[in-house]
Amino acid sequence: MNVAIVGASGAVGQEFLRVLDQRNFPMDNLVLFGSSRSAGREYTFRGKQYTVKELKHNDDFKGIDVAFVSAGGGTSVEFADTITKHGAVMIDNSSAFRMEKDVPLVVPEVNPEDALQRPRGIISNPNCTTIQMVVALNAIEKLSHIKRVHVSTYQAASGAGAKAMAELIKQYEQLMKGEEPTIEKFAYQLAYNVIPHVDVFTENGYTKEEMKMYNETRKIMHSDIEVSATCVRVPVMRAHSEATWVETERPLSLDEVRKSFANAEGVILQDDPANKVYPMPLFIADHDEVYVGRIRKDLTNPNGLSFWTVSDQIRKGAALNAVQIAEYLLKVGNIK
């Protein structure tokens with residue numbers, strides 16, 4: 001098993017290395033790729049030093065079985081043919097191919113079989129907020145079809161990459177010194193603030209991030225589910241939170257909902273508000289699962305439910321989900 005990581009120096013690329021090691025992913029060879037700026041950097045993996053190679057249009061991917069790609073949509077589009085032409089499975093973390101009909105969009109807890117049909121050799125990793133939400137929604141969908149969802153996200157700086165995380169730290173340091181904060185990665189100062197603006201705005205008033213949650217959820221779940229999202233950036237370092245309201249076809253009891261969450265793959269139920277037990281990003285960073293709590297009946301609709309989820313955006317929202325896809329393909333013997 002020969003593995004490549006494209007975008008090895010980024011936050012998700014570094015998380016790929018950690019996740020592959022922690023999960024003891026089987027491999028014989030590892031090749032790291034990056035931009036011309038990253039080329040030459042060295043990283044240690046399982047006691048061995050690896051040097052980042054510059055990503056070029058050549059035959060460097062000959063013999064590669066799986067390529068984990070997290071280098072931005074433009075790079076994914078430009079290099080997709082180079083990466084896949086010798087048979088490598090490209091698991092792409094960008095938004096470049098997510099809504100293409102001939103590219104599966106996969107969350108292993110929800111639709112793993114979709115990964116088996118990949119005519120272009122590409123499998124897309126969904127958006128981090130979508131992954132977190134559909135893992136939770138899937139537990140409810142098994143009880144009753146979900147008609148519609150309203151969701152507000154509370155997205156950590158990690159969603160904008162390693163530089164954004166560093167900027168948040170720097171802003172707090174600058175403000176404590178009475179200095180003007182550096183503002184480069186976000187539209188406004190994030191420290192001591194929340195910004196109701198993730199990605200660019202579209203003509204309908206929703207951002208691209210919000211529309212991803214609508215479109216990607218329907219594709220992953222093979223459903224006519226309607227999703228209305230408001231995505232907000234908050235001054236949290238790592239792990240996204242989501243407040244979710246769902247309407248199902250039939251009324252659901254809280255007992256059956258809690259039981260379904262408790263038994264759901266990739267979910268940890270953390271729902272004891274009387275004892276102040278509920279998910280928070282402070283304690284869930286670096287964890288693999290989607291944590292669910294604050295489960296309650298909606299006061300305005302007998303078929304409505306509300307709940308709160310938290311999950312690590314860099315792990316389950318990116319690197320872990322991609323590795324789980326590769327693990328599934330290995331399990332069913334679907335990698336050359």
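At 5% relative accessibility, Glu209 counts as buried (buried is under 20% relative accessible area, exposed over 50%, and partly exposed in between, with a 1.4 Å probe and protein chains only). Lys212 is buried as well, with a relative accessible area of 15%. The side chains of Lys212 and Glu209 meet in a salt bridge at 3.8 Å, N to O (a side-chain nitrogen of Lys or Arg within 4 Å of a carboxyl oxygen of Asp or Glu). Lys212 and Glu209 are 3 residues apart in helix H5, so about one helical turn separates them. Helices (H or I, at least four residues) and strands (E, at least two) are DSSP runs, numbered from the N terminus.

This is a predicted model, in which local features need pLDDT of at least 70 and side-chain atom pairs count only at pLDDT 80 or more, while totals for chains, interfaces and linings use all residues. Residues are numbered from 1 along each chain as its sequence is written, and side-chain values use heavy atoms, with hydrogens and water left out.

## Salt bridges between strands

The structure holds 22 salt bridges. Side chains of opposite charge can pair when their charged atoms come close.

Glu247 is buried, with a relative accessible area of 10%. The side chain of Glu247 meets that of Arg148 in a salt bridge (2.5 Å, N to O). Glu247 lies in strand S11 and Arg148 in strand S9, so this pair ties together parts that are 99 residues apart in sequence. Arg148 counts as partly exposed, at 33% relative accessibility. Glu247 also forms a salt bridge with Lys147 (3.8 Å, N to O). Strand S9 covers residues 146-155 and holds Lys147, while strand S11 covers residues 240-248 and holds Glu247, so the pair ties together parts that are 100 residues apart in sequence. Lys147 is partly exposed, at 35% relative accessibility.

## The largest pocket

A pocket is found on a 1 Å grid over the protein atoms alone, as an open set of points with protein on both sides within 12 Å along at least five of seven lines; lining residues have an atom within 4 Å of a point. The largest pocket is lined by 48 residues, of which Ala71, Gly72, Ala160, Gly161 and Lys185 lie nearest its centre. The elements that give two or more residues to this lining are helices H1 (11-22), H2 (73-84), H4 (162-176), H5 (208-221) and H8 (315-331). Helix H2 gives the most, with 4 residues.

Definitions and conventions:
On a 1 Å grid over the protein atoms alone, a cavity is a set of points where a 1.4 Å probe fits but cannot get out, and a pocket is an open set with protein on both sides within 12 Å along at least five of seven lines; lining residues have an atom within 4 Å of a point.
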